[in-house]
Amino acid sequence: MSKALTTLKKIFGYPAFRGQQAEVIDHVVAGDDCLVLMPTGGGKSLCYQIPALLRPGVAIVVSPLIALMQNQVNGLKQIGVRAAALNSSLSFEEATLVEQNLLTQQYDLLYVAPERLLMPRFLRVLAKIPIALFAIDEAHCVSQWGHDFRPEYSQLFVLHQRFPHVPRIALTATADLDTRQEIIEKLQLTNAKVFIDSFDRPNIRYQVIDKANGREQLLGFIHAQHAGEAGIVYCASRKKVEEITEWLVNQGMQAVAYHAGMEMQQRQLNQEKFLREDGVIMVATIAFGMGIDKPNVRFVAHLDLPKSIEGYYQETGRAGRDGRMANAWMAYGLNDVIQHWRMIEQSQTQFKFKQVSIKKLEAMLLLCESTTCRRIQMLRYLGENTETEPCGNCDICLQPPQVWDATIEVQKALSCVYRTGQMFGAGHLIDVLRGNLTARVKEWQHDRLSTFAIGQDLSEKAWRSVFRQLIAFGLVTTDGEGRGTLLLTEASRAALKGQRTVYLREHTALLFQRAASHSAVSLSNSDKFTHQAINCVN
Ligand code: ADP
Ligand code: ZN
């Protein structure tokens, strides 16, 4: 039996390695660098903890969160591993003691905050003792465009320069190709072997629904599938977190809130309650979650659209870590998309950052508007070459959405964007299409346009769904000034000219509406419209 396996059994009490743990451990024990991409809950910690015990010297683990370090250190101490943490929560005396113990080689593992590790004085201390390895946990924190960016992380290449013979292992659960590339570059891991474990979490069922009254839908979902069970509800803003928490409590649920604007003490109390008690619902912004290891979270719900697939994947990954059936549920609507866009466009950041953010948002939208297995889409985005069959455990697989030939409706919508001068958002465009004589319609005399009232056969909700999909498919885009104004794109020209058939998802409301109104719309109207649509771009 290998030394690694013996250690796994004797110290950690597990019978066998999971996934690629054994390969990773052998690689690090042999003194080589690597990058490990494993989903949350995949067992990344053992990948450096076992080499830490098998190689001479102390393993230095860089970790971005104090709470995370503390949990790991406590766990290790309990099983008799000599571990400690060095971070800003320690008093001067405590920190000095840890440094002394380090110098006298009392530790197998030392968890260090990046800013502390990079202090010249600390680097000099490290130069005096044998080091087993450097582990860089949550390595995606180097990514400037990511959601957990930590500037100090991008300085960690120093380790390689100062200690070229010490193996480095970088670990993360965020694995899209761009982030992966950025980690390799910033940490100078060009020659490191990359280990990728499957990111599939087969026990999580993904589901995305059309947002109507989000909170009622959430309540219905919890009542129907998760009564009395623990879950996390993610909201986009602090205000919404508070509102939803209060509302859930009023509905008789055990709900607590968590966001960065709360008092530290209250936040910690709520987190403790969620971790220790049964059946508590945590309502939170994305500030909540990194390093949370609660195995029996039965659902993760999103009441707002996440910014990116990586974010969504990480957040939903907190469900079902015990391997039992869990749900990832999301309600999203057109307003979410417009709001995200606005936030990105109005943010005071570099152009490049906005571009990356928009690209990520678009991928997220495509996932939401998907008509094929969501799991396959997500895994592809995360860089897995999946030739797998549809999963059978997402809403699309379980209830395949019908698609309909929406070429004419798409032409109507695009034509309306064009006729109104590419100056308006979806709300006004829908008013024009549906023939609503609003003040604005009158003010702009849009009731005189050829596109006025040509879309009465679809409900407002159905039109919203059409516009959402147009955005997702790049058939319209925004003006970049944050007003939600929709513009035509290269792709829209082809659609307008009828050179391209466009299939959209059929939503329930849409089906209903179409069935009810089909007799009322004469075919000649549509024919007439097609000509107009084509004329307007010629
Ligand atoms: P990650 O850091 O990848 O999110 P952890 O390292 O915290 O995951 O591991 C998740 C859980 O799985 C922990 O409770 C850990 O003890 C357990 N675990 C890891 N490897 C194994 C294994 N080989 N056998 C059994 N349990 C394991
Ligand atoms: Zn599926």
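Reader: How many salt bridges does the rule find across the interface of domain 2 and domain 3?

Author: In this model, which is predicted, the rule finds one salt bridge across the interface of domain 2 and domain 3.

Reader: What makes the pair Asp-210 and Arg-468 a salt bridge?

Author: The closest N and O atoms of Asp-210 and Arg-468 are 2.7 Å apart, and the cut-off for a side-chain nitrogen of Arg and a carboxyl oxygen of Asp is 4 Å, so the pair counts as a salt bridge.

Reader: Which residues make up domain 2 and domain 3, and how much area is buried between them?

Author: Domain 2 consists of the segments 204-332 and 370-398, while domain 3 covers 403-537. The contact takes six residues from domain 2 and five residues from domain 3, and the area buried between the two domains is about 510 Å², of which carbon and sulfur atoms give 45%. On the side of domain 2, Asp-210, Tyr-332 and Thr-371 supply 76% of the area buried against domain 3.

Reader: Why is the arrangement around the zinc ion (ligand 2) called tetrahedral?

Author: The protein donors are the SG atoms of Cys-373, Cys-391, Cys-394 and Cys-397, which lie 2.3 to 2.4 Å from the zinc ion (ligand 2). The four donor atoms subtend angles of 100 to 117 degrees, and because four donors count as tetrahedral if all angles lie between 85 and 135 degrees, the arrangement is tetrahedral.

Reader: Why is Cys-394 called buried, and why is Cys-391 called partly exposed?

Author: Buried means under 20% relative accessible area, and Cys-394, with a relative accessible area of 0%, is therefore buried. Cys-391 has a relative accessible area of 26%, which lies between the cut-offs of 20% and 50%, so Cys-391 is partly exposed.

Reader: Where does pLDDT stay under 50?

Author: The mean pLDDT of the protein is 89, and 92% of its residues reach 70 or more, but pLDDT stays under 50 over residues 518-538. Where pLDDT is low, the predicted coordinates should not be read in detail.

Methods. Residues are numbered from 1 along each chain as its sequence is written. Chains are lettered from A and ligands numbered from 1 in the order in which they are written. This is a predicted model: local features need pLDDT of at least 70, side-chain atom pairs count only at pLDDT 80 or more; totals for chains, interfaces and linings use all residues. Side-chain values use heavy atoms; hydrogens and water are left out. Donors are N, O and S atoms within 2.8 Å of the metal (3.2 Å for Na, K and Ca); water is not among the atoms, so sites may look incomplete. Four donors count as tetrahedral if all angles lie between 85 and 135 degrees; four count as square planar and six as octahedral if opposite donors are over 155 degrees apart and all others between 65 and 115; anything else is irregular. Buried means under 20% relative accessible area, exposed over 50%, partly exposed in between (1.4 Å probe, protein chains only). pLDDT is the predictor's confidence in each residue, from 0 to 100. Contact means heavy atoms within 4.5 Å. Domain bounds come from an automatic or database domain assignment. Buried area is the accessible area (1.4 Å probe) that two parts lose on being put together, summed over both.
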